[in-house]
Amino acid sequence: LEAAIGVHVDEALCLVVVALCGLLPLCALPSTAHLKHASISAVVLELLIVSCIGAAGLHAAWLQYTSAPTTPVASINWFSLDKWAWMRAVPMFSFAYLFHGNVPFMYAELRRHGGQSKYNSKADKFKVAIRAALGACCALYLTSSLGGYIAFGAATRTNIVQNLSTPRGQELLPLWIVWPIQVAMVLKMVSAIPLALYGVRIALHSALSADATASACMRWGLAAIVLAPVIATAILATDLSLVLGLLGATAGTFIAFVLPSATFLVLAQPGGKASVHASQRFSHLSSQQSSQLSSKQASQHSSQHASRPASQHAVAEEAPAARTSSRVSEEFSAIAPAPASLAQRMLAAAILVAGLLVGTCGSVAV
């Protein structure tokens, strides 16, 4: 920004302005469905940034084999790296799992198909979405890491976008591409952070209020409370890898490995109190959802077919209600806890221990 306008800009002031004008309104939205366009924008911008990093890597490889590059690149001796260097890298990848905390909200807001669907249940539909998201994240991580290593080698910075402003980066990509990429990085963070903080805001609201629906003032106030430490950390922190590494080693491993494994072990115990209580709770929620959806569909059909005779109207209402009840029961049975085998419990325990070890070692290494 300073290079573009030729005026010194205070970083802290920029962060505060971005937080007030962009992050706070997005963090105060009532549901994840309202963040749809912001999330799509974040994905598009991320694809643009990673594509440019991959293009820089391809250009660097082309220069290496066709002619001598103007700026030499120092290679990395992987076998002489400090043992803690590997542990510092693991939390960076665990950071990708932080958004798993929003899975319950996204699953609850996932639309049901009114007619025929290729998915047997909403759970099957959500599994496909999760696998597609993880596959896309894996591809993005591989592209950015390989492209950055080939392009910049040992000189790769914590924020690889900063490498594009160096002489080596300007050799690989023209300046008219570098500036938009840096702006895209800022816009991507503004679009992605509200979704990451959505679960925190909802949890805080549940702890402070018994009302399930938050008012606009409550949402804005909680959004400001949740966003304040994030902006303070961004102002005080000088090393992005330290922040991402600590978040990945603690919250990332806990959300992705520790909490799911511990929950599975508790619910999978045959005849355990938690398993029985969870089964009863799922049955209650299934009946409640079926009743709500049946009433909603009945009101819709009654308004649409008010002119029909009473006998035809009753027959028309019976089939949708039965289909709704059956579909909701299938959805809840697909995600309801069930007794697990000894091998499954041993695998969950191994994942739990591995998550604790990775989180502890990663925190120490960072």
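From the N terminus on, the elements of the chain run α-α-α-α-α-α-α-α-α-α-α-α-α. This amounts to 13 helices and zero strands, where helices (H or I, at least four residues) and strands (E, at least two) are DSSP runs numbered from the N terminus. The model is a predicted one, in which local features need pLDDT of at least 70 and side-chain atom pairs count only at pLDDT 80 or more, while totals for chains, interfaces and linings use all residues. Residues are numbered from 1 along each chain as its sequence is written, and side-chain values use heavy atoms, with hydrogens and water left out.

**Confidence**

- The mean pLDDT of the chain is 75, and 69% of its residues reach 70 or more; pLDDT is the predictor's confidence in each residue, from 0 to 100.
- Over residues 310-322 the pLDDT is below 50, and this stretch has twelve contacts in the model beyond near neighbours in sequence; contact means heavy atoms within 4.5 Å.

**The chain as a whole**

- Of the 366 residues, 28% count as buried (buried means under 20% relative accessible area, exposed over 50%, partly exposed in between, with a 1.4 Å probe and protein chains only).
- The accessible surface comes to about 21900 Å², of which 68% belongs to carbon and sulfur atoms; such areas come from the Shrake-Rupley method with a 1.4 Å probe, and for residues only the protein chains shown count as cover.
- Among contacts with a separation of 6 or more, residues 24 or more positions apart account for 74%.

**Regions listed in UniProt**

- An unreviewed UniProt entry lists residues 12-31, 43-65, 85-107, 128-152, 172-200, 220-237 and 243-267 as "transmembrane region"; positions are given in the numbering used here, feature names are shortened, and annotations may be inferred rather than shown by experiment.
- Residues 12-31 are 80% helix and 0% strand, and the end C-alpha atoms of this span lie 29 Å apart.
- Residues 128-152 are 100% helix and 0% strand, with end C-alpha atoms 36 Å apart.

**Two residues**

- Threonine 32 lies in the loop between α2 (11-27) and α3 (36-66).
- Threonine 32 is buried, because its relative accessible area is 11%.
- Leaving aside neighbours within four places in sequence, threonine 32 is in contact with Phe105, Glu109, Leu195 and Tyr198.
- Isoleucine 130 has its place in helix α6 (residues 122-152).
- Isoleucine 130 has a relative accessible area of 27% and is therefore partly exposed.
- Isoleucine 130 and histidine 100 are 30 residues apart along the chain, and their C-alpha atoms are separated by 9.6 Å.
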